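Please look through the sequence and the three-dimensional structure shown here, and then read the report that follows.

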Amino acid sequence: MKTLKPREITEELNRFIIGQNKAKRAVSIALRNRWRRQMIPEELRDEIAPKNIIMIGPTGVGKTEIARRLAKLANAPFLKIEATKFTEVGYVGRDVESMIRDLTELAVNMVKKEEQEAVMEKAKVLAEERMLDILLPTQKKKTIGNEIEQEDSSREKLRALFKAGKLDEKMVEVEMPDRVLPIIEIFSASGMEEMDMQIRDIFGNILPKKTKRRKLKVKEAYEYLIQEESKKLIDMDKVVKDAIERVEQSGIIFLDEIDKIASRDRTHGPDVSREGVQRDILPIVEGTTVTTKYGMVKTDHILFIAAGAFHMSKPSDLIPELQGRFPIRVELDPLTKEDFYRILTEPDNALIKQYKALLATEDIALDFEKEAIEEIAEIAQKINEMTENIGARRLYTVMEKLLDDISYSAPDMEEKKIIITREYVREKLGEFLEREDLSRYIL
Ligand SMILES: Nc1ncnc2c1ncn2[C@@H]1O[C@H](COP(=O)(O)OP(=O)(O)OP(=O)(O)O)[C@@H](O)[C@H]1O
Ligand SMILES: [Mg+2]
């Protein structure tokens, strides 16, 4: 896979996120630096620590969205997790080390998938043979040449049918491992992950591998057999080794809602949970070794990107040690009316595109006049000012309210072409602007 240049990363992000250029720039550089580091001779490479980032900005302006889109671009193990999920060691909840375990798990799956793809052709061939074995169970082969020949020719006929997809719907029985999941679920629900991990392994080894015959369509059975054969073809030890290497060298963790673990008021004694979590996070960000079921994972070079709204607290409310470990700060800008207009129309997943597509399924062609969209953007902006500023999320409520009638009666409508005009927007939403109390509850 190719490595994107910072400019290209920003361009990709532009497809989904409007504005916020400083944040896009910072994450693009950080991502590219991961790759640059790989190119450096080893001694120096180990000295180059990742420059962790904190993204600060009001709610609903694109922080999480940037992370989500970045995850798809980063050709590296990428985990997004909310800091609020963690609790201090000894309390009920997830311990912070679990994020490294999750990231490793993710990397293992990622490498496994790549390896499986590499052996796919071979696996298909093997799966096809197994499929034919199932479809045509070989009778005890007698040494009379004639009979084997006959068998061979019927096998080839069957193969031709199979390849042509003629057998796809036929039912066959396939031997499959029986799941022992229920036992495990009980443990993982209580948050004892480490225990869960060990139990899974212990049981996995002790319990005899049970199998069960299941009836499947040929098409599905073939898919299953390909999976199984490709699993056999790959070397799991190598997969694990590569995965750990990848986590250590290029892993990225996005810590969302970091402001929620900052406590403003430290005079009231330590806030066990929040400050404790921060303290627990410290060594992981700084570099420590975490035990996972795949082996030890060093966290020294994992890149952390944190994000938070920080409207109740400030980055300076984080414990100083943690602040120091996030040297790069980028601020996201509050969104303007003009941004709203662009958010409604430009991104690949823009709201207006979404509503058009939804109504198209009812054979209705929905269209918006330019002025109507401007009006929607302005109303969203005004309501954000009047009540709470929830950023672009306001557009969701406003649009939903605006199209409420149409969404409800769409299937029964005679008129198949609807154009939303500025008047329509004013008519549907005007009263909310005049009556603050109303908009507080409804929009
Ligand atoms: N700059 C933007 N461009 C395009 N869409 C945006 C932008 N900002 C926000 N949105 C839209 O608003 C929604 C909410 O944004 P997002 O989840 O990124 O908020 P956030 O900044 O993480 O807020 P919070 O602090 O509350 O978590 C997103 O799903 C996205 O569709
Ligand atoms: Mg968010």
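Which helix gives the most to the shell around ligand 1? Helix H4 (residues 63–73) does, with three residues; helices (H or I, at least four residues) and strands (E, at least two) are DSSP runs, numbered from the N terminus. The model is predicted, and local features need pLDDT of at least 70, side-chain atom pairs count only at pLDDT 80 or more, while totals for chains, interfaces and linings use all residues. Residues are numbered from 1 along each chain as its sequence is written, and chains are lettered from A and ligands numbered from 1 in the order in which they are written.

**The ligand shell**

Ligand 1 is surrounded by 18 residues, the closest of which are Thr59, Gly62, Lys63, Thr64 and Ala392; a residue is near a molecule if its C-beta atom, placed from the backbone, lies within 6 Å of it. By class, the shell around ligand 1 holds seven nonpolar, eight polar and three charged residues, where Ala, Val, Leu, Ile, Met, Phe, Trp, Tyr, Cys and Pro count as nonpolar, Asp, Glu, Lys and Arg as charged, and the others, Gly among them, as polar. Ligand 1 lies between domain 1 (6–110 + 242–331) and domain 3 (337–434), because both give residues to its shell; the domain bounds come from an automatic or database domain assignment.

**The parallel sheet**

The protein has 20 helices and eleven strands. Five strands form an open sheet in the order E2-E5-E8-E1-E9, with parallel pairing, where two strands pair if DSSP finds at least two bridges between them. Strand E2 (78–82) and strand E9 (328–331) are the edge strands, each pairing on one side only. On average, neighbouring strands of this sheet are turned by 15° against each other, direction ignored; axes are lines fitted to C-alpha atoms, for helices over the stretch in contact, and angles run from 0 to 180 degrees between N-to-C directions.

Strand E1 (residues 53–56) pairs with E9 in the parallel sense over four bridges, and helix H2 (residues 21–38) packs on the sheet, touching E1, strand E8 (303–308) and E9, with its direction at about 145° to that of E9. Four bridges also join E1 to E8, and these two strands run parallel. Both faces of E1 are covered, with Ile53 and Met55 buried on one side and Ile54 and Ile56 buried on the other; a residue is buried if 20 or more other C-beta atoms lie within 10 Å of its own, exposed if 12 or fewer, and partly exposed in between, with C-beta atoms placed from the backbone.

Some bridge partners are listed here.

| Residue | Partner | Partner's strand |
|---|---|---|
| Ile53 | Ile328 | E9 |
| Ile54 | Arg329 | E9 |
| Ile54 | Ala306 | E8 |
| Glu175 | Arg213 | E4 |

**An antiparallel pair**

Strand E3 (residues 171–177) is joined by seven bridges to E4, and the two run antiparallel. Strand E4 (residues 211–217) lies largely in the open, because zero of its seven residues are buried.

**A buried isoleucine**

Ile352 is found in helix H15 (residues 351–360), and it counts as buried because it has 21 C-beta neighbours inside 10 Å. Leaving aside its neighbours within four places in sequence, Ile352 is in contact with Leu344, Thr345, Phe368 and Ile373, contact meaning that the C-beta atoms of two residues, placed from the backbone, lie within 7 Å. From C-alpha to C-alpha, Ile352 and Phe368 are 8.3 Å apart in space, although 16 residues apart in sequence.
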